[in-house]
Amino acid sequence: MTDQAHIRAAVVFRSHTGTTQRYGEAIAGHLATLGVDAAVTSVGDCDVATLAGVDLLFIGCWTNGWFIVHQHPDAPWLAFARDLPDLSRPAVALFTTYTLATGSMFGAMRRELGRTRANVRLELKSRGGGLSDADRKAIEDLVAATRRTAAG
């Protein structure tokens with residue numbers, strides 16, 4: 001990262017019905033209002049080699065499982081996670097969409113990312129795919145912290 005104008009983010013999602021894609025697009029849209037260059041792509045279309053070069057990485061998946069227990073990412077997301085490079089450089093945020101509850105979803109995502117040394121700084125969730133005011137504030141705080149780190 002060099003300066004405020006050059007913060008780059010990637011928002012990578014796995015969506016089942018389109019809700020998680022909408023959420024990822026909303027995240028990228030909010031990042032753009034903060035002056036962050038944010039690219040959005042699905043896990044199937046993502047070139048994982050490019051992710052180690054971003055400053056912020058948002059990785060999302062819909063909540064798969066039994067309504068309130070045994071939530072986990074689906075097989076395509078898991079395959080994507082296995083191919084990820086070392087993610088110790090970017091600040092990482094996880095996001096998910098859900099019907100009733102996220103349950104163990106974030107824990108399962110973190111476990112899958114463990115070997116990448118991902119610096120997970122934020123977890124976002126949405127039932128309908130839209131950003132809440134709390135989501136916006138959390139994203140703003142993450143961007144501000146990333147800028148402070150770059151300046152320091």
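What follows is a chat about the fold, surface and salt bridges of a predicted model.

User: In what order do the elements run from the N terminus?
Analyst: The order is β-α-β-β-β-β-α-β-α-β-α.

User: What box do the C-alpha atoms fill?
Analyst: Roughly 45 × 30 × 25 Å, taken along the principal axes.

User: How much of the chain is buried?
Analyst: Buried residues account for 45% of the 152.

User: OK, charges. How many positive and negative ones, and how far apart are their mean positions?
Analyst: There are 16 positive and 15 negative charges, and their mean positions are 5 Å apart.

User: How many salt bridges turn up in the whole structure?
Analyst: The search finds six. One of them pairs Asp74 with Arg14, where the closest N and O atoms are 2.7 Å apart.

User: Where do Asp74 and Arg14 lie?
Analyst: Arg14 is in strand E1 (residues 8–14), while Asp74 is in the loop between strand E5 (69–72) and helix H2 (75–82), so this pair ties together parts that are 60 residues apart in sequence.

User: Buried or exposed, those two?
Analyst: Asp74 counts as buried at 5% relative accessibility. Arg14 is partly exposed, with a relative accessible area of 23%.

User: Which residue does Asp55 pair with?
Analyst: Asp55 forms a salt bridge with Arg89, and the closest N and O atoms are 2.8 Å apart. Asp55 sits in the loop between strand E2 (37–42) and strand E3 (56–62), and Arg89 in the loop between H2 and strand E6 (91–97), so the bridge ties together parts 34 residues apart in sequence.

User: What are the relative accessible areas there?
Analyst: For Asp55 the relative accessible area is 4%, and that residue is buried. Arg89 is partly exposed at 42%.

User: And what does Asp86 meet?
Analyst: The side chain of Asp86 meets that of Arg117 in a salt bridge, at 2.6 Å from N to O. Asp86 is in the loop between H2 and E6, and Arg117 is in the loop between helix H3 (105–113) and strand E7 (119–126), so the pair ties together parts 31 residues apart in sequence.

User: How accessible are Asp86 and Arg117?
Analyst: Asp86 counts as partly exposed at 39% relative accessibility, whereas Arg117 is exposed, with a relative accessible area of 53%.

User: Last one: where does Tyr98 lie, and what does Tyr98 touch?
Analyst: Tyr98 is in the loop between E6 and H3. Leaving aside residues up to four places away in sequence, Tyr98 touches Thr63, Lys125, Ser126 and Arg127.

User: How far is Tyr98 from Gly65?
Analyst: Their C-alpha atoms are separated by 9.9 Å, and the two residues are 33 residues apart along the chain.

Notes: Residues are numbered from 1 along each chain as its sequence is written. This is a predicted model: local features need pLDDT of at least 70, side-chain atom pairs count only at pLDDT 80 or more; totals for chains, interfaces and linings use all residues. Side-chain values use heavy atoms; hydrogens and water are left out. Helices (H or I, at least four residues) and strands (E, at least two) are DSSP runs, numbered from the N terminus. Buried means under 20% relative accessible area, exposed over 50%, partly exposed in between (1.4 Å probe, protein chains only). Lys and Arg count as positive and Asp and Glu as negative; His and the chain ends are not counted. The place of a charge is taken as NZ of Lys, CZ of Arg, CG of Asp or CD of Glu. A salt bridge is a side-chain nitrogen of Lys or Arg within 4 Å of a carboxyl oxygen of Asp or Glu. Contact means heavy atoms within 4.5 Å.
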